[in-house]
Amino acid sequence: MPVLVVNVDHVATLRQARMGSEPEPVTAAHLAEIGGARGIIVHLREDRRHIQDRDLRLLKSTLTANLHLEMAATEEMQGIALDVLPHMVCLVPEKREELTTEGGLECRGREGFIRDYLEPFKERNIHTSLFIDAEPDQIEAAASSGTEYIEIHTGHYADAPDSPSKKTELDKILAGIRYAHLLGLKVNLGHGLNYQNILAFAAVENICEYSIGHSIISRAVMVGMVRAVEQMNEIIRGFAR
């Protein structure tokens, strides 16, 4: 049965808008735990636009749920991750001018670099994942890099403007899930998923985790963090019935 992991970056974004101390993303993470989240995700960006180093360390020392760290494949981030020891690291592409991650990591032709970069995490029993588009050659390159997981980028599906294009993007993701499973990869899904479009995956096998942030934080503004997470969890648990 797939599980829900909640990204609390957007709570930190609101805090950093005033460069103050509230709202507290660590508190939001604990409320997400109460709501049933099995994991908490944060993206420690190089420019520290939302999540800060202290957030990461406080989450590691206080969470019961698994801590997932999204990060660029840099020497600085590798050192931080090996010091903090999250449950999982997920390598993502990162551009300073983007509002949010716009696409998957380019793995083709970088298999050797990625394999070497991930090796210290494996030695410390940290799970590894690559955030990639649902393209066969990217999935093959990810498998060749030795990662345990991939997270398929669902943003193109979520952002598709009409039903035909949305179906096209969904079909790509479904084919990507099947192919990744065939190659021995574990599959997570994330980016742009919400309380409506996630229903398309109700009958889909071989999904380990749904990574969801913005839609849950948006609903939490209206109904509270615990209830927003509970409502998403109710949807995901319904997939197993």
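These legends walk through several close-up views of a predicted model. In this model, local features need pLDDT of at least 70, side-chain atom pairs count only at pLDDT 80 or more, and totals for chains, interfaces and linings use all residues. Residues are numbered from 1 along each chain as its sequence is written, and side-chain values use heavy atoms, with hydrogens and water left out.

**View 1. Eight strands form a closed barrel.** The order of the strands is β1-β2-β3-β4-β5-β6-β7-β8, and their pairing is parallel. On average, neighbouring strands of this sheet are turned by 25° against each other, direction ignored. Strands (E, at least two residues) and helices (H or I, at least four) are DSSP runs, numbered from the N terminus. Two strands pair if DSSP finds at least two bridges between them. Axes are lines fitted to C-alpha atoms, for helices over the stretch in contact, and angles run from 0 to 180 degrees between N-to-C directions.

**View 2. Strands β6 and β7 run side by side in parallel.** Here β6 covers residues 149–153 and β7 covers residues 186–190, with five bridges joining them. Look for Ile150, which stands opposite Val187 in β7.

**View 3. Helix α3 lies across β2 and β3.** The helix spans residues 53–62, while the strands take up 39–43 (β2) and 66–71 (β3). Relative to β3, α3 runs at about 155°.

**View 4. Helix α4 has a buried face.** In this helix (residues 75–84), the residues Met77, Gln78, Ile80, Ala81 and Val84 are buried. Seen down the axis of α4, these residues fall within an arc of 165°, so they line one face of the helix. That arc is taken over the directions from the helix axis to the C-beta atoms. Buried means under 20% relative accessible area, exposed over 50%, and partly exposed in between (1.4 Å probe, protein chains only). The packing partners of the buried residues are α3, β3, β4 (88–91) and α5 (111–123), where contact means heavy atoms within 4.5 Å.

**View 5. Leu85 follows α4 with a positive phi.** Although Leu85 is not a glycine, its phi is about 60°. Leu85 sits in the loop between α4 and β4, and at 28% relative accessibility it counts as partly exposed.

**View 6. The loop between α1 and α2 holds Met19 and Pro23.** Met19, a residue other than glycine, has a positive phi near 55° and is exposed, with a relative accessible area of 66%. Further along, the peptide bond from Glu22 to Pro23 is cis, with omega near 0°.
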